[in-house]
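Dear colleague,

Please find the structure below, together with its sequence. My notes on what was found in it follow directly after.

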Amino acid sequence: MNTDELEAVTYVAERRVLEIQTKLHRWARDDPHRRFDDLFNLCTDPAFLLVAWDRVRGNKGAKTAGVDGRTAAFIAERTGVGEFLGGLRESIKDRSFRPLPVRERMIPKAGGKLRRLGIATIADRVVQASLKLVLEPIFEADFLPCSYGFRPNRRAHDAVAEVRFFTSKSYEWIVEGDIKACFDEISHSALIDRVRKRVGDKRVLTLVKAFLKSGILGEDRVLRETTAGTPQGSILSPLMSNVALSVLDEHIAQSPGGPRSTPWARTKRLRQGLPNYRLARYADDWCLMIKGTKDDAEALREEIAEVLSTMGLRLSVEKTLITHIDEGLDFLGWRIQRHRQRGSSRSYVYTYPSRKALTAAMGKVKAVRRRTATGLPLDELLIQINRMLFGWCMYFRPGVSSATFQYLSSYTWSQVMKWLRRKHLRINRKDLRRLYCGGGWWPAGEERTLFDPGKVRTTRYRYRGTVIPSPWPTTR
């Protein structure tokens with residue numbers, strides 16, 4: 001099958017998958033207690049497997065091999081997509097398919113710690129992607145609006161906007177949640193029990209459980225069993241983690257004073273000295289905003305710890321903080337804080353890049369400058385720096401970020417000029433400007449000019465709340 005034929009077949013398959021997903025989502029939404037008993041045939045449907053392959057192949061990780069040493073390009077060139085998917089489908093249908101252990105890769109974190117990343121084989125990734133195509137529309141009907149991480153049509157900006165919105169409405173005390181090794185400690189039995197509430201097909205449950213129990217081949221080449229958790233890096237892990245952590249969303253929503261309380265009930269609670277609260281969660285990062293006192297926040301923190309323990313999860317005592325909005329908090333790279341508007345007596349809640357995020361960006365610019373050999377042309381340095389700066393600025397654009405962008409612009413300029421002075425040790429600054437700045441001050445290579453964060457115009461992100469559209473049409 002050539003590339004044009006594969007693209008045409010994939011387009012038809014995507015239309016079929018979207019149609020079936022829309023039906024699954026509608027059925028799950030219309031009947032909150034419905035259990036789906038015949039999903040296995042969809043997981044092995046050629047259209048679902050083809051769309052799953054297309055998404056796996058399009059990911060950056062397609063170039064990274066699992067324990068079998070095969071990449072997506074290797075399979076496409078040596079085996080052929082049709083033969084590969086046909087063999088995979090048969091092995092799933094005759095129950096001979098067994099997930100291989102994920103390959104462990106330890107990724108450095110801030111503070112010198114390491115995060116475990118699990119790299120599955122391409123075949124396992126395709127099956128997981130197919131499972132996700134089937135299961136996601138069903139569970140999306142149950143997920144609550146306060147959850148934003150790893151969900152279609154939702155992003156980190158929505159979670160930050162929600163925190164800003166409610167802290168502006170007198171929800172002044174915040175519990176900044178931190179779950180210890182969330183992806184590593186989720187209880188398999190508790191997770192399967194939650195999946196079983198919606199999925200009655202034992203063959204699908206067996207597949208999900210097989211991936212959870214597939215094991216890890218460590219960097220030391222030692223095979224370890226997985227008795228808890230979902231491997232980070234797995235296609236199915238974000239969905240499974242949201243299924244597990246939705247226990248927190250549901251508890252807050254159903255409790256008195258939560259988002260499902262009526263305005264009259266919330267007003268009555270405040271008169272009685274009882275708190276009201278709202279939750280904003282992005283994967284395992286969450287903020288509980290409380291309209292009440294610090295004592296109320298401390299009591300709710302203990303209550304949440306008990307709720308999470310039902311899923312085998314624990315709160316980090318050191319990192320789960322209680323702060324007032326006037327003191328400010330860091331959430332998803334943003335600093336959210338209320339202070340007085342300049343030239344006015346009124347106070348507002350502002351969002352701007354956190355000091356930690358800025359320091360990390362500066363560190364990346366410096367690292368690129370250091371590892372780029374001075375024997376290379378300036379364009380080689382600018383390609384790497386521009387790519388990083390553009391993505392960083394686009395993320396922090398919807399906020400009060402102008403001052404931060406100007407500071408980062410100045411720092412980046414100094415780093416590039418330092419690299420140029422090392423490249424040309426024997427010429428003065430005037431000649432350096434003539435060679436690389438056109439007589440001005442801003443450096444440029446033959447084909448590229450250094451990206452200037454200071455020229456990025458900031459915007460305001462609109463809070464969408466409960467009106468975020470579903471990717472599946474809900475009209476009949």
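Ser237 touches Phe183, Thr230 and Pro231, leaving out residues up to four places away in sequence; contact here means heavy atoms within 4.5 Å. Ser237 is placed in helix H11, which covers residues 237-254. Helices (H or I, at least four residues) and strands (E, at least two) are DSSP runs, numbered from the N terminus. With a relative accessible area of 2%, Ser237 is buried. The word buried stands for under 20% relative accessible area, exposed for over 50%, and partly exposed for what lies in between (1.4 Å probe, protein chains only).

Please keep in mind that this is a predicted model, in which local features need pLDDT of at least 70 and side-chain atom pairs count only at pLDDT 80 or more, while totals for chains, interfaces and linings use all residues. Residues are numbered from 1 along each chain as its sequence is written, and side-chain values use heavy atoms, with hydrogens and water left out.

His188 lies in helix H9. Once the neighbours within four places in sequence are set aside, His188 is in contact with Leu212, Lys213, Thr226, Thr227, Ala228 and Gly229. For His188 and Gly229, the C-alpha atoms are separated by 6.8 Å, although the two residues are 41 residues apart along the chain.

The next topic is salt bridges. A salt bridge is a side-chain nitrogen of Lys or Arg within 4 Å of a carboxyl oxygen of Asp or Glu. By this rule, the count comes to 20 salt bridges.

In one of them, Asp45 is joined to Arg16, and the closest N and O atoms are 2.7 Å apart. Asp45 lies in the loop between helix H2 (40-43) and helix H3 (46-58), and Arg16 in helix H1 (residues 3-30), so this pair ties together parts that are 29 residues apart in sequence. Asp45 counts as buried because its relative accessibility is 12%, whereas Arg16, at 39%, counts as partly exposed.

Another salt bridge is formed by Asp142 and Arg198, with 2.8 Å between the closest N and O atoms. This pair links distant parts of the chain, 56 residues apart: Asp142 is in the loop between helix H6 (122-140) and helix H7 (156-167), and Arg198 is in the loop between helix H9 (188-196) and helix H10 (202-212). Asp142 is partly exposed at 27% relative accessibility, while Arg198 is buried, with a relative accessible area of 2%.

In a further case, the side chains of Glu185 and Arg314 meet in a salt bridge (2.7 Å, N to O). Glu185 belongs to helix H8 (residues 182-185) and Arg314 to the loop between helix H13 (294-309) and strand S8 (321-324), so the pair ties together parts that are 129 residues apart in sequence. Glu185 is partly exposed, with a relative accessible area of 21%, and Arg314 counts as partly exposed at 42%. Besides these pairs, Asp38, Asp201 and Arg203 are linked in a network of salt bridges.

Two residues deserve a note on their backbone angles. Most residues other than glycine have a negative phi. Phe150, however, has a phi near 55°, a positive value in a residue other than glycine. Phe150 is placed in the loop between H6 and H7 and is partly exposed, with a relative accessible area of 41%. Arg221 also has a positive phi, near 65°. Arg221 lies in the loop between strand S4 (216-217) and strand S5 (223-224), where the residue is exposed, with a relative accessible area of 60%.

Lastly, I turn to Arg460, which is found in the segment after helix H17 (429-436). Why does Arg460 count as exposed? Arg460 does so because its relative accessibility is 65%. Arg460 and Val400 are 60 residues apart in sequence, and their C-alpha atoms are 8.4 Å apart in space.

With kind regards
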